[in-house]
Amino acid sequence: MDDARKLKIAGQFVSALPFSRALGLELVSLEGNVCEMWMPYREELVGQPDTGVIAGGAVSALMDTCCGTAVLIHPEAVTGTATLDLRIDYMRPATVGKDIIARAECYHVTQSVAFVRATAHDGEGETPVATVAATFSVERRMPR
Amino acid sequence: MKRPEPVQVVKERRDKALRRLVEAVPYVQFMGIEFERHGDELTAVLPYRESLIGNPMLPALHGGATASFLEISAIIELSWQLLWEEMESPENKGLPVGDHLPRMPKTIDFTVDYLRAGLPRDAYARARVNRSGRRYASVHVEGWQDNRSRLFAQATGHFLMPERDAR
């Protein structure tokens with residue numbers, strides 16, 4: 001399958017997840033075991049009413065979706081996955097009004113566990129908005 | 001001896017303060033999260049909606065919806081404790097708290113442990129503040145659905161507390 005087609009199918013998959021659709025998440029790119037995903041800034045996602053900064057939970061949801069997709073596109077043909085644990089560090093508040101881009105890398109897969117790390121950027125400066133370390137379950141098609 | 005306040009007055013003050021805290025946060029409204037209060041104890045409720053689903057095949061709640069629910073529960077619990085202290089202090093007793101928006105703690109880190117798939121049902125959460133100092137707080141949150149003793153997710157987070165005097 002060529003990359004453009006893979007991106008299209010995975011993009012349809014992401015936008016078929018109701019909560020991802022509610023947040024407006026869009027797949028940006030896929031390459032090997034790396035996935036990039038975009039979340040547009042919207043006022044209904046604000047978590048700090050006095051500043052307008054987006055809710056941590058919305059950023060977590062973006063990161064979780066991006067990490068899960070990185071697991072599914074891993075070359076080792078993972079057929080299904082679910083989050084086991086996810087730790088997010090918020091390094092600075094996201095800039096008000098700026099969209100957020102997550103980049104997740106599934107850097108190791110065992111028989112039953114996938115290890116993922118991710119960063120979220122809003123395009124301002126070098127420091128990411130947040131970083132994530134997560135583990136996911138791995139389902140594989142049974143060998144016949 | 002001073003007569004205690006009528007129960008209705010006390011309840012109204014507390015409910016109004018909680019409502020103002022919760023309604024101020026757009027993301028709480030986006031998620032549809034509600035809070036039930038008994039005295040100072042809060043239970044967060046996430047009424048089931050199809051838009052919270054992550055895996056339509058199972059179906060199961062989206063991991064991000066679960067994380068959002070637990071994090072909001074932790075932040076509101078912390079804010080509520082600050083507000084409660086202010087509202088019920090001897091010098092404020094009987095007076096409604098000011099109309100300023102309560103300042104919210106900021107999440108430093110948050111770790112979610114997914115114990116089982118979230119079912120297409122209402123979810124509940126209760127947060128416990130393990131430590132709350134002037135600058136930092138540590139909070140643990142438990143989430144369950146039909147059965148309180150079978151958690152579907154739990155989380156621990158650290159929060160940066162708002163400055164007390166800045167209003």
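# Notebook: pockets, core and ring pairs

I looked up the second largest pocket, which holds about 410 Å³ of space. I count as a pocket an open set of points on a 1 Å grid over the protein atoms alone where a 1.4 Å probe fits, with protein on both sides within 12 Å along at least five of seven lines; lining residues have an atom within 4 Å of a point. This pocket is lined by 28 residues, and Q48(A), I54(A), G56(A), K106(B) and T107(B) are the closest to its centre.

The model is predicted, so local features need pLDDT of at least 70 and side-chain atom pairs pLDDT 80 or more, while totals for chains, interfaces and linings use all residues. Residues are numbered from 1 along each chain as its sequence is written, chains are lettered from A in the order in which they are written, and side-chain values use heavy atoms, without hydrogens and water.

I then checked what the lining of the second largest pocket is made of. Its largest share, five residues, comes from α3(B); helices are DSSP runs of H or I with at least four residues, and strands are runs of E with at least two. By class I noted 19 nonpolar, six polar and three charged residues.

Next I turned to the largest pocket, with about 1,000 Å³ of space. Of its 40 lining residues, F13(A), L72(A), T81(A), A82(A) and N55(B) are the closest to the centre. Here α3(A) gives the largest share of the lining, five residues.

Y27(B) is buried at 1% relative accessibility, where buried means under 20% relative accessible area with a 1.4 Å probe, protein chains only. Leaving out residues up to four places away in sequence, Y27(B) touches residues of chain A including F19(A), L23(A) and V46(A), and also S68(B) and I72(B).

I found four aromatic pairs over all chains (ring centres within 6.5 Å; planes under 30 degrees apart are stacked, over 60 edge-to-face, the rest tilted). Y27(B) and F30(B) are stacked, at 5.6 Å centre to centre and 15° between the planes. They are three residues apart in helix α2 of chain B, so about one helical turn separates them. F30(B) is buried at 15%.

F110(B) and F159(B) are edge-to-face, at 6.4 Å and 65°. F110(B) lies in strand β5 and F159(B) in strand β8 of chain B, so the pair ties together parts 49 residues apart in sequence.

Conventions. Points joined across faces, edges and corners; volume = space filled by probe spheres on them. Nonpolar A, V, L, I, M, F, W, Y, C, P; charged D, E, K, R; others polar. Contact = heavy atoms within 4.5 Å. Phe/Tyr/Trp six-rings, centres within 6.5 Å; stacked < 30°, edge-to-face > 60°. Buried < 20%, exposed > 50% of the residue type's maximum accessible area, 1.4 Å probe, protein only.
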